[in-house]
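Welcome! Let us take a short tour of a protein model, one topic at a time. Have the picture open as you read.

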Amino acid sequence: MLNWKKNIEKYTNEKLVTLYISIFSITESVINPVPVEVILIPSVIKFREKFVKFAFIAAIMSTLGALVGYLLGFYLEEYMIRHFIDLSEFGEVYGSYGSLIILIGAITPFPFKLVTIASGIFKINVLYLIVYSFIGRYFRYQIITAMTFVVGPKMIDIFNKIDKSKKVISKVL
């Protein structure tokens, strides 16, 4: 009765999984509220030997998405500040700690799109954005894919046992 297993098989074929990871990674850095882990974890469960490749692709595409977010912030600064929120008081802090903010935003579950757009608004050096985004995102995604590589098969076994237990209980009842 585990429909998620069927969905994994249905939507993560080897030809399209890289495209899915790429799309989710780019859009997560700009507008998408759904984290790329939603695609990464099932992909690594199905294609275990590709966990390093998937983390690398996600990091590269997320960094490209960070550039899009940066450009949005850079060119729409006046509009965004005038219509949404005045961020001028954060400019000095962002100027002093921008690289660290980018790195922390890339690694943590904090919405990375806010970091990328703010980097453009505060005109952070785009090279810092590229370098720290890639390092942070690769670190994050590699931890997730490596953990899935190690723990994923064990979790599948546990879910299969739970599924079998549910079937036995439903037959008894």
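## Getting started

A residue is called buried when its relative accessible area is under 20%, exposed when it is over 50%, and partly exposed in between, using a 1.4 Å probe and protein chains only. Helices are DSSP runs of H or I with at least four residues, strands are DSSP runs of E with at least two, and both are numbered from the N terminus.

This is a predicted model, in which local features need pLDDT of at least 70, side-chain atom pairs count only at pLDDT 80 or more, and totals for chains, interfaces and linings use all residues. Residues are numbered from 1 along each chain as its sequence is written, and side-chain values use heavy atoms, with hydrogens and water left out.

## Two salt bridges

Side chains of opposite charge can pair when their charged atoms come close. A salt bridge here is a side-chain nitrogen of Lys or Arg within 4 Å of a carboxyl oxygen of Asp or Glu, and by this rule the count comes to 2.

Another salt bridge brings together the side chains of Arg140 and Glu37, at 2.7 Å from N to O. Because Arg140 lies in helix 8 and Glu37 in helix 3 (residues 37-46), the pair ties together parts that are 103 residues apart in sequence. Arg140 counts as buried because its relative accessibility is 13%, and Glu37 is buried because its value is 11%.

## Nonpolar cores

In soluble globular proteins, nonpolar side chains tend to be buried together. A nonpolar core is a set of buried Ala, Val, Leu, Ile, Met, Phe, Trp, Tyr and Cys residues joined through side-chain atoms within 4.5 Å.

The largest such core has 14 residues, and Val17, Ile21, Val36, Leu40, Phe54, Ala58 and Tyr141 have the most contacts inside it. Helix 2, helix 3 and helix 4 (51-75) each supply at least two residues of this core, with the largest share, 6 residues, coming from helix 4. Contact means heavy atoms within 4.5 Å; leaving aside neighbours within four places in sequence, Val17 is in contact with Ser43, Phe47 and Phe54. A second, separate core of 13 residues includes Phe112, Val115, Ile117 and Leu129.

## Around helix 7

Is Thr116 buried or exposed? Thr116 is buried, because its relative accessible area is 0%. This residue is found in helix 7 (residues 112-121). Apart from neighbours within four places in sequence, Thr116 is in contact with Ser29, Ala66, Gly69 and Tyr70.

Lys123 is placed in the loop between helix 7 and helix 8. Most residues other than glycine have a negative phi. Lys123, however, has a positive phi, near 55°. At 37% relative accessibility, Lys123 is partly exposed.

## A patch on the surface

Val68, Leu71, Leu72, Tyr75, Leu76 and Tyr79 form a nonpolar surface patch, together having about 580 Å² of accessible area. Helix 4 gives the largest share of the patch, 4 residues. Patches are made of residues with over 30% relative accessible area and no salt bridge; like charges are joined within 9 Å, and nonpolar side chains (Val, Leu, Ile, Met, Phe, Trp, Tyr) within 5 Å. Accessible areas come from the Shrake-Rupley method with a 1.4 Å probe, and for residues only the protein chains shown count as cover.

Leu72, which lies in helix 4, is partly exposed because its relative accessible area is 32%.
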